[in-house]
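Subject: Structure handover

Hello,

Here is the structure for you to look at. My notes follow below it.

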Amino acid sequence: MTDQKQSQVTSQEKQDDRNFDDLAERFSRTISATPRGQLRLLALEQDFADCGLNPKGQTVLDAGGGQGQFSLQLARQGATVDLCDISTEMLRLAQDQFEAEGLPITTHHARLQDINTVLPGEFDIVLNHAVLEWLEDPFDALPVLANKVKPGGWMSLMFYNLHGHQWRQIMNGRTHAPLSANPRLRKEGNSPQHPIDPDAVEQAMIKLGFSLERWRGIRCVHDHMHQKIRERIGQEAVNKSDLETGLQEPYRRLGRYVHFLLRKNG
């Protein structure tokens with residue numbers, strides 16, 4: 001069995017920051033193992049490759065990393081991974097996945113806001129995927145994450161897109177309240193608390209000393225194409241179109257998620 005290390009941190013979790021202990025298994029089935037989840041991974045892989053980001057020998061911090069699907073891919077390429085999350089169930093799933101492939105991982109039970117206490121120092125690559133939108137104060141987390149990146153290092157930010165959210169709500173008939181969420185999804189905990197404006201994130205990261213190397217919309221085509229049409233043309237064709245369209249204006253602004261690859265100046 002691969003040596004697994006887990007540090008425990010005692011801290012009061014902020015009440016409004018979402019903990020996915022109750023949804024970990026469902027997320028594994030309904031997101032990670034679906035075409036949506038696979039498309040997300042394909043998009044991240046392409047962005048890393050296009051920007052020449054080689055994980056071999058690099059230190060990676062997966063902040064709010066959940067099950068660690070993408071950091072697992074980086075570990076396969078020779079990266080050393082530390083993963084933190086407030087959900088013990090998510091951490092268990094991450095450990096199981098790494099262990100199944102004989103790859104080491106160090107997990108930390110902690111809020112993102114406490115990450116510097118748990119993991120002092122800087123990393124070559126910091127990942128923060130589908131986390132910001134679940135925080136009560138998303139923009140307060142950006143300086144915390146920025147401080148964990150070495151000069152010349154990389155940050156991979158993926159977040160729930162305000163524009164994609166609004167467009168989807170309108171297409172679903174919620175023309176009276178495009179900023180709100182479906183009440184049922186909100187009640188069940190599947191709807192992100194704070195869709196985020198990508199322009200605001202870009203400006204905040206520039207102020208923190210980063211340059212934006214890649215802006216991609218994820219699920220620009222997939223989520224706006226009728227299921228019957230997706231089934232008719234096939235998932236491979238959908239993915240190809242999504243990967244291409246996600247790099248083009250104005251379509252990338254309609255993706256359900258936005259992926260930023262940023263490099264720290266210095």
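In these notes, contact means heavy atoms within 4.5 Å. Helices (H or I, at least four residues) and strands (E, at least two) are DSSP runs, numbered from the N terminus. This is a predicted model, where local features need pLDDT of at least 70, side-chain atom pairs count only at pLDDT 80 or more, and totals for chains, interfaces and linings use all residues. Residues are numbered from 1 along each chain as its sequence is written, and side-chain values use heavy atoms, with hydrogens and water left out.

The whole chain

There are 11 helices and 8 strands. Of the 266 residues, 50% are buried (under 20% relative accessible area; exposed is over 50%, partly exposed in between; 1.4 Å probe, protein chains only). Take the contacts with a separation of 6 or more: 77% of them join residues 24 or more positions apart. The chain exposes about 12400 Å², and carbon and sulfur atoms supply 49% of that (Shrake-Rupley method, 1.4 Å probe).

Helix 2 and helix 11

Look at helix 2 (residues 35-50) and helix 11 (residues 235-245). Their axes come within 11 Å and cross at roughly 40°. Axes here are lines fitted to C-alpha atoms, for helices over the stretch in contact, and angles run from 0 to 180 degrees between N-to-C directions. The two helices are therefore oblique to each other (under 35 degrees is roughly parallel, over 145 roughly antiparallel, 65 to 115 roughly perpendicular, the rest oblique). Helix 2 contributes Pro-35, Leu-39, Leu-42, Ala-43 and Gln-46 to the contact; helix 11 contributes Gln-235, Asn-239, Asp-242 and Leu-243. By class, the contact residues are 5 nonpolar, 3 polar and 1 charged (Ala, Val, Leu, Ile, Met, Phe, Trp, Tyr, Cys and Pro are nonpolar; Asp, Glu, Lys and Arg charged; the others, Gly among them, polar).

Which residues of helix 11 are buried? They are Val-238, Asn-239, Asp-242, Leu-243 and Thr-245. Their cover includes helix 2, strand 7 (210-218) and helix 10 (227-233).

Backbone points to check

- Glu-249 and Pro-250 are joined by a cis peptide bond, with omega about 0°. Pro-250 sits in the loop between helix 11 and strand 8 (257-264).
- Ala-130 is not a glycine, yet its phi is positive, about 55°. Ala-130 lies in the loop between strand 5 (123-129) and helix 6 (141-146), and is buried at 17% relative accessible area.
- Arg-219, also not a glycine, has a positive phi of about 65°. Arg-219 is in the loop between strand 7 and helix 10 and counts as buried, at 6% relative accessibility.

Best wishes
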